[in-house]
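Reader: I would like to go through this structure with you. Could you put it up first?

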Amino acid sequence: MTDVKAIVWAKHPDIVLSQTVAHDRSSKVKSVSEAGTDPTSGKFFYHIESADFSQFEEGLRNDSTVGTFERVVETRDREAIYSFEYTDEAKVLSPVISAANGVILDMVNEGSAWILTVWIPERTDLVQLWDYAQQNGIDIELLRVNEYASLGNTDAGLTDSQRDALLLALETGYFEEPRDATLSEVAAELDISQPAASGLLRRGIKRLILSSLVDDSETPD
């Protein structure tokens, strides 16, 4: 079995937050994959950059894919972390990937479209995402795909601890939406502190992304 890292472009007005970023064209939205979401809360966290948060929040209030939202913390000027609850009208791609035993490693908007970095066990499993897109009128395009030896059989730049943490998080449903396991539960299974577990997952996800996005001739920062 080979691991597949795919870069996917997708666009539809009902993909979560699409209406908001169309309203506030200065906004940049990026998923916070390592946030310790309570799986029972239905809340999802994103890092937001915007030239005008009042305009961004006006877009949220008129976005049919967003139920409730909260500005959790402002990290610096024109940047903040928000939490969202989705409505039933929202088209959420991560459950489709999760059903194929994959993970969305990263999700960031490009205008009102979305660029997703997807890890999935087999290239053929991407068919499930394409079927969902066709059934729901989602424009979708495969920008790049790389195949590697299985995560369980190679380090892909990962330490043993990072690989074990990622595999455990995947098995327990930490990467699903809504999450079936919290960060504290993953930490407890690993018998380490919550900050240590967060660090392992964050660094492991970074290594997986770099392994798919950075050429061998490039040196990451």
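This is a predicted model: local features need pLDDT of at least 70, side-chain atom pairs count only at pLDDT 80 or more; totals for chains, interfaces and linings use all residues.

Reader: At what angle do H5 and H6 pack?

Author: The angle is about 125 degrees between H5 (residues 160–172) and H6 (residues 183–190), and their axes are 10 Å apart. Axes are lines fitted to C-alpha atoms over the stretch in contact, with angles from 0 to 180 degrees between N-to-C directions. Helices are DSSP runs of H or I with at least four residues, and strands are E runs of at least two, numbered from the N terminus.

Reader: Which residues meet there?

Author: From H5, Asp164, Ala165, Leu168, Ala169 and Thr172 meet Val186, Glu189 and Leu190 of H6 (heavy atoms within 4.5 Å).

Reader: Turning to strands, how does E3 pair with E5?

Author: E3 and E5 (residues 79–86) run antiparallel, joined by seven bridges; pairing requires at least two DSSP bridges. His47 stands opposite Ile81 in E5.

Reader: And how many salt bridges are there?

Author: The count is three (a side-chain nitrogen of Lys or Arg within 4 Å of a carboxyl oxygen of Asp or Glu). One of them joins Lys30 and Asp106, with the closest N and O atoms 2.7 Å apart. Lys30 lies in E2 and Asp106 in E6 (residues 103–110), so the pair ties together parts 76 residues apart in sequence.

Conventions: Residues are numbered from 1 along each chain as its sequence is written. Side-chain values use heavy atoms; hydrogens and water are left out.
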